[in-house]
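Dear colleague,

Please find below the structure I am handing over, together with its sequence. My findings follow after it.

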Amino acid sequence: EGRQAGGILSRGDHGHEHDHEDEHGHDHGEVEYDEHVWTSPKNAILICRAITDKLCAIDPAGRGYYEARCADYTAKLQELDKGFRSIADSASTHTLIFADRFPVRYFVEEYGFDYYAAFLGCADDAEPSARTVAFLIDKVRAEHNKAVFYIEFSNEKMADIICEETGCEKL
């Protein structure tokens, strides 16, 4: 959970979130719930187990099937988690820059990454402010990031601008 603001969502060196105030100097104070809890494999495992328990309660005759499918999927999620942890442990940087919406908060927090993003969750802000773009360009330079991330099928314009200004790769 976080607050909706017209600026940047970040979790920096201190390990807690900062909503940067919008360009008019005020925080809107609205709560935005992040429904993307499943982007953490550990959360996905908890969700699968809760769904399995509910299915078993509704359909006791299918218990064996539901539990077997849950066990299979849980094993796959545990393998993903192991691979992600290995990558995170060997990463040359632990600060990620998102020139886009940010639906992967639970994922980056699970693996200990700091992040800066143009928008909270899947906020429906149409365009970032010039201040937001400048802030992220400065962060890329200060953190010596080699890449800026965007969400598949989104407008890549902000990522293009940041990459053009900094020479980093767009992923």
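Helices are DSSP runs of H or I with at least four residues, and strands are E runs of at least two, numbered from the N terminus. This is a predicted model, in which local features need pLDDT of at least 70 and side-chain atom pairs count only at pLDDT 80 or more, while totals for chains, interfaces and linings use all residues. Residues are numbered from 1 along each chain as its sequence is written, and side-chain values use heavy atoms, with hydrogens and water left out.

Thr52 lies in helix 1 (residues 41-58). Its relative accessibility is 8%, so Thr52 counts as buried (under 20% relative accessible area; exposed is over 50% and partly exposed in between, with a 1.4 Å probe and protein chains only). Leaving out residues up to four places away in sequence, Thr52 touches Tyr66, Glu67 and Cys70, where contact means heavy atoms within 4.5 Å.

Phe84 belongs to helix 2 (residues 63-90) and, at 27% relative accessibility, is partly exposed. With the same exclusion, Phe84 touches Pro41, Phe107 and Tyr111. Pro41 is 43 residues away from Phe84 in sequence, with 9.4 Å between their C-alpha atoms.

As for nonpolar cores (sets of buried Ala, Val, Leu, Ile, Met, Phe, Trp, Tyr and Cys residues joined through side-chain atoms within 4.5 Å), the largest has 15 residues; Ile97, Ala99, Leu136, Val140, Val148, Met158 and Ile162 touch the most other members. Helix 4 (130-143) and helix 5 (157-166) are the elements that give two or more residues to this core. Another core, of nine residues, lies apart from it and includes Ala88, Leu96, Phe102 and Val108.

Yours sincerely
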